Amino acid sequence: MIRTYKQAFSKSPTVQLEVIKEAQVYGDVGRGWGFLTNRSTRPGSVYPVIQNSTYHLNPGDRLSALKFKKSVLDGRRNCGVWVSRDSDGMEFVIYTNDLKRYIKIV
């Protein structure tokens, strides 16, 4: 999956992405450490659904991938793609194991 993103970045400085599954941005986006998580109401979900819909991502939402980023938050995930939401410019990271699950390259 990372190879696909590296190829896309070699052709363009920013890569256009589209959300394919309901998700949310969790964490403190204002401090620059927001990250993409599942948006599920299932009991026992690791991350509860955030009530502020500003942090919700829906299928069809467009994102711009800006760069690869080494993780400083979670030692299990070694890197991610730093993205910006096209509608409002909110920036956050999508870890490599979540890219295929929630996002596709347009």
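**View 1. Arg62, at 38% relative accessibility, counts as partly exposed in this predicted model.** Arg62 pairs with Glu18 in a salt bridge, and the closest N and O atoms are 3.5 Å apart. The two residues come from distant parts of the chain: Glu18 belongs to strand 1 (residues 15-19) and Arg62 to strand 5 (residues 62-70), 44 residues apart. Glu18 has a relative accessibility of 17% and is therefore counted as buried.

**View 2. A salt bridge joins the side chains of Arg39 and Glu22.** The N to O distance is 3.2 Å. This pair also links distant parts of the chain, with Arg39 in the loop between strand 3 and strand 4 and Glu22 in the loop between strand 1 and strand 2 (23-26), 17 residues apart. Arg39 is buried, its relative accessible area being 14%, whereas Glu22 is partly exposed at 40%.

**View 3. Ser40 lies in the loop between strand 3 (35-38) and strand 4 (56-57).** Its relative accessible area is 17%, so Ser40 is buried. The side chain of Ser40 reaches the backbone nitrogen of Arg42 at a distance of 3.1 Å. When neighbours within four places in sequence are left aside, Ser40 is in contact with Ser45 and Val49.

**View 4. Arg85 and Asp88 form a salt bridge.** Their closest N and O atoms are 2.8 Å apart. Arg85 counts as buried, because its relative accessibility is 6% and the cut-off for buried is under 20%. Asp88, at 42%, counts as partly exposed. The count of salt bridges in the model comes to 3.

Definitions and conventions:
Residues are numbered from 1 along each chain as its sequence is written. This is a predicted model: local features need pLDDT of at least 70, side-chain atom pairs count only at pLDDT 80 or more; totals for chains, interfaces and linings use all residues. Side-chain values use heavy atoms; hydrogens and water are left out. Helices (H or I, at least four residues) and strands (E, at least two) are DSSP runs, numbered from the N terminus. Buried means under 20% relative accessible area, exposed over 50%, partly exposed in between (1.4 Å probe, protein chains only). A polar contact is a pair of N or O atoms within 3.5 Å; within protein, one must be able to donate a hydrogen and the other to accept it, and residues adjacent in sequence count only if both atoms are side-chain atoms. Contact means heavy atoms within 4.5 Å. A salt bridge is a side-chain nitrogen of Lys or Arg within 4 Å of a carboxyl oxygen of Asp or Glu.
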